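I opened my notebook to look this structure over. My entries follow in the order I made them.

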Amino acid sequence: MDARAKSTTRRVAVGQALPHDSAHLHVCGTAAYIDDLPEPRDLLHVAVGMSAKAHARLVNVDLGDVLAASGVVDTCIAADIPGVNNCGPIVADESIFAVDTVEYAGQAIFAVAAETVDDARKAVKLAHIEYAELTAILEPILAVEKKSFVLPSETIERGDPKKALAGAPHRLQRRLTLGGQDQFYLEGHIAMAIPEDDGGLLVYSSTQHPDEVQHLVAYAIDRPAKDIVCICRRMGGAFGGKESQAATIACIAAVVAVKTGRACKLRLDRDVDMIMTGKRHDFVIDYDVGFDDTGRIQGIDFMFASRCGISADLSGPINDRTMFHCDNAYYLEDVHILSHRCKTNTVSNTAFRGFGGPQGMFAIEYAIDDIARTLDMDPLEVRRRNFYGVGERDVTQYEQKIEDNIIADIVDKLEVDADYIERRKAIREFNATSLILKRGIALTPVKFGISFTATHLNQAGALIHVYKDGSVHLNHGGTEMGQGLFIKVAQVVADELGIGVDNIRLNASDTSRVPNASATAASSGSDMNGKAAQIAAAKIRRRLTEFAARHFAVAEGAIDFRSNAVHVGDSTLSFAELVRLAWFDRVSLSAIGFYKTPKIHYDRETFSGRPFFYFAYGAAVSEVVVDTLTGEHRVIRVDIVHDCGDSLNPAVDMGQVEGGFIQGVGWLTSEELWWNEAGELKTHAPSTYKIPTCSDLPTDFRVELLENAANREDTIYRSKAVGEPPLMLCLSVFHAIRDAIACADRPLPDLQAPATPEAVLRAVEGLDS
Amino acid sequence: MPMAGPRSETDCRTDTVRFVLDGEIIELENADPTRTVLQFLREDLRRTGTKEGCAEGDCGACTIVLAELNRERDDLTLRAINSCIQFLPTLDGKELITVESLNRPGNDLHPVQKAMVDCDGSQCGFCTPGFVMSLFVLYKTNAEPTRIEIDDALAGNLCRCTGYRPIIAAARAMYAEQPDADDWLRQASGTAKKPDARLQQLKSISHDAGLAIEHKGRRFLAPASSDELAEALAKHADATLLAGGTDVGLWVTKQHRDLETVVYTGRVDALTKLEVDATHIDIGAAVTLTDAMAIIVTHYPELDELFKRFGSPPIRNAATLGGNIANGSPIGDSMPALMVAGTTLVLRSLRGTREVALDDFYIDYEVKDLKPGEFIERIRMPLPKQGTVLRSHKLSKRFDQDISAVCTAYYLELDGDSVTSFRMACGGLAATIKRATHCEAVIEGAVWSAETISLAAVALAKDFAPITDMRASAAYRLRGVQNLLRRFYLEISGELEQTVYTYGRQG
């Protein structure tokens, strides 16, 4: 029964704005990332030979000169893989090394192992590869025409959208193009594989999903999972880019390590990283919306076509989430959603913060904005007109009843706090006299569903050891990528044991300590691992309580854990002292915790159920100025109210909100992925791919975490997930730009995303209309 | 080939690179000429605090600080540098400061580090050491930075996690405490004492002779005079001339080229001088962009925005004006303004010197009027004449540290309403930086009016047939340059006072 022991702890550490657990190491350069670890004496460095063609048959792969190059020890191709040549996480459709055919420019064909990084990277260039080129499909819309898909197309329909559209007083149709986004974690992909005795392999991997790395490596080298250990203490950023993609890197390092019998490290150069690994899906979206004179949507039809690249990867659940989020905060009674998962001869796209949700929201927000501009209304009015109701109009297109809707309250508050109405008026006055510079403003909401949509992934484990001196070793299945998961879980455990977080060692994510863990993804890290760790800690506390009651002959109710001490009736002893006494009494001081998210269920056949435990909400008002001669813009002011529930750590959550927002702004403004006609990505380094810099942060940036917002569901301390939802607040910037363009005599701007200066100028000058 | 002088190549030169690290003098005999400072730190010293994020000087994770002797002020000049593309021998005579240099035993954080912790300035932490080093330079050189100065100081550091707000907060909070009066590294700008011991140590390793390094058949020559440089280039026809290394560095880190002979301009006396005479700003070709721009902006304040948007501080601290010109990239941002200002280049070789107009220097893509063995010695930019206007505009996807899609510059002289002289040069529109001669012909001698500008904008289409690439389409480039000309007109006529770059950023 102790697994569900009711928590009677107080909030001491929980709710504190503690700094990141590694902050003091980050600033000193002493936080160790995988490339900083001491290197085994026999370490080889690996580099990857990539396809130069988007689609071709491999006629001949001659690695003679590669092998002969200075410092080279060995090469590795598909035939050298002892087990399965696959690194596809859900569908086994992506090879580690290409076999007969290459399907994108950048696909791995071979690896080389050499004594130094330079030797390996130089040698790669010496390969002689003959290609027989095949026709490449480089655009999603062409893939739709050719019916080239990685997975079957999916549909959600509710009501009678055809009839609703036909009967609506107004109707609009538009095609949108929406760019993808590179994760651009500062630490590129890296893995180090170290052979151990008796067939074991220790893999250090910069991964959000050590369990998946463990299993895919095991399949690749044909060993059972028990022989593989995957460890990751921290990543230098991930953002979804290291959810499935890390496995490819780890598998290559592992295969070469097994072939050479030596430790192998593969660290991708930035350009290789950006060429070889997947990104956020770019989309072509068609919408057809019918609405009445008040702006209320009568019926809507969406067609989504996403660039999945050559394989399924995580594209199935990503595109599902697009379908689940193309309502955003709006009730769509009669709706038809068609989702194509296009197979293109480009890198296989993957998870990125929001996981398809942002693209769905982009579609509906664009339609809403168009409706308002068509009716000459304030878009905020139209947004409100379409919000989900409370107690009515509250069932999503996937038949989940929304029980925690607070969007109207958030928007009402933000409208006032940000002085939206007055500023909108002032902006219009400014624009009336400003010839070239036009300002714009927009308020957009966010409603984001929390949980993995695949129900089985919503499970987590933790392992806690209390040592004889009272210090605590904390392990859980989550990974630390900078998001502050480790400190949050430590805060939970600290309060459960009544100790300070300083007494807790945060161990690396390690598959030998916590098995079968889900990816740290879907914003679920602290929800799930926090609960699992709390359960583990509660077990230990329970045992200590029972022991203390027995030992000191007091009632259990008279025992209290707080401030590194245990209060037993009127006397007090330190936590360490009690632990030592318990050890003498042969009490187990180690426990596992296991948690599975309650209430959720979901039938993928019918796209219905309750895929989400709850929703996180937020809203943003952004104001921009646009130069209508050049298309350049600057964000002047941003106001955000975001719902983190009852925050576990407001400093960490604030960081997620601010950072997520700016990352989203990059997606919709300056970050452009550009392929040439041969299908080669030409924006593969920070010189050509432009994420926001310091000066892009608005001078006036006001972010508030919603107060008194305890989660209505029983999450860890009633907090809410915060990793992904704030990213989508960036839609306010995009629509503020649209608002500014509309004020330049372009009432219904045809603005494509990202809103680069070029895209904005095209919209200003009506070139795409 | 002219005979070399009586001295042999190794005369007076040393094969040993000497620099200071944490108070120790590091001596490297015949160091690998193209080993980067980052490789040296991470792989040889296993000082892994400094990170590699891109290996091309665009992300700042590898930022380190160089302290150099400033003989005029008898003080140190601190500069943030991208260690990923800085070659090891260029450290000679300098002090290298890395994030580890700031660390003290225990939890005794440097004020910059402490502010970053207190303000939640790190999340994943990978970019953090680089930010700490850029902030360290700001801390030591600016006692009360404005937001714009903070933005500029951090323009070369990318953070993907925080959105920068907490880092900006740290840049303001780092002055709150003034700990440890004896530790110069911890003394903020305005409170710092003269670092006598450091100066003494740097003086002890500084020398006026050159370097001549041989390493496994490859060599690094750092001549000390123009004569020696001319000799070196005459002797080694295949030599790679290295200035700031912000381009050559990538030949090594990205293209993995083996450079047989590297000839470094950074120690050549005549090339590192900066003077203003009665008529010209005279800039040695190896003067850094940071120093060159500072002097140019005092005479041409309108170029301030362009220069702030040119690369980033670490790039401008390494890169040279001569390198930008000699590289001759069609997207080099310094040349349009220099060109319309009437800048000339003093070219030097064993045959002597000659002076060419920058206008005539670029012949075709990567083809310049630069003969074998010849190098740019000095850049002579005329001082502005009373009543003339010189401006430059840049278009790119991101304001800071981006490569131009289009870069324009204009020179205008008016006599009342009529244009007595007009020059316009553009980057990003052709195989070289190029004058807009058709456009100029329309404007020069005409009435300065919106109608003239409209006609001139049409003429720009005759001047340029730009290409489409990842930075912009051909159509946008052409439309962009036409509209920038309109913007210039509106600026001159007072109808457009602000660019979006500066909008709302005062204070």
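Predicted model: local features only at pLDDT ≥ 70, side-chain atom pairs only at ≥ 80, totals over all residues.

**Entry 1: Leu142(A)**

Leu142(A) sits in helix H4 of chain A, residues 140-145. I then checked a distance: the C-alpha atoms of Leu142(A) and Ala305(A) are 9.9 Å apart. Along the chain, 163 residues separate the two.

**Entry 2: chain A as a whole**

I counted the secondary structure of chain A and got 19 helices and 29 strands. Its radius of gyration is 27 Å, close to the 27 Å of the globule rule for 769 residues, so chain A is as compact as a globular protein of that length. The C-alpha trace spans about 80 × 75 × 50 Å along its principal axes. I found that 63% of the 769 residues of chain A count as buried. I also looked at contacts in chain A with a separation of 6 or more: 80% of them join residues 24 or more positions apart.

**Entry 3: two helices crossing in chain A**

I looked up helix H9 (residues 315-325) and helix H10 (residues 357-375) of chain A. Their axes come within 7 Å and cross at roughly 35°. The crossing of H9(A) and H10(A) is right-handed. H9(A) brings Arg321(A), Thr322(A), Met323(A), Phe324(A) and His325(A) to the contact. H10(A) brings Gly357(A), Gln359(A), Gly360(A) and Met361(A). By class, I have three nonpolar, five polar and one charged.

**Entry 4: one-faced helices**

Which residues of helix H11 (residues 379-386) of chain A are buried? I listed Pro379(A), Leu380(A), Val382(A), Arg383(A) and Asn386(A). Seen down the axis of H11(A), they fall within an arc of 160°, so they line one face of the helix. Their packing partners in chain A include H10, helix H12 (407-417) and helix H18 (731-742).

**Entry 5: where the chains touch**

I counted 70 residues from chain B and 70 residues from chain A in the contact. Several helices of chain B each supply at least two residues, including helix H3 (128-141) and helix H17 (474-492). The largest share of chain B's side, eight residues, comes from H17(B). That side has 31 nonpolar, 20 polar and 19 charged residues.

Most residues other than glycine have a negative phi, and most peptide bonds are trans. I noted some exceptions. The peptide bond from Ala753(A) to Pro754(A) is cis, with omega near 5°. Pro754(A) lies in the loop between H18 and helix H19 (757-764) of chain A.

Phe239(A) is not a glycine, yet its phi is positive, about 60°. Its loop runs between strand S11 (228-232) and helix H7 (246-260) of chain A.

Asp74(B) also has a positive phi, about 45°. It is in the loop between strand S3 (63-70) and strand S4 (75-82) of chain B.

Are these two buried or exposed? Phe239(A) counts as buried, with 30 C-beta neighbours inside 10 Å. Asp74(B) is exposed, with 11 other C-beta atoms within 10 Å.

Technical notes
Residues numbered from 1 in each chain as written. Chains lettered and ligands numbered in written order. Helix = DSSP H or I, 4+ residues; strand = E, 2+ residues; numbered from the N terminus. Rg over C-alpha atoms; globule rule 2.2 N^0.38 Å. Buried ≥ 20, exposed ≤ 12 C-beta atoms within 10 Å, placed from the backbone. Contact = placed C-beta atoms within 7 Å. Nonpolar A, V, L, I, M, F, W, Y, C, P; charged D, E, K, R; others polar. Axes fitted to C-alpha atoms, helices over the stretch in contact; angles between N-to-C directions. Left-handed = near helix turned anticlockwise from the far one by under 90°. Arc of directions from axis to C-beta.
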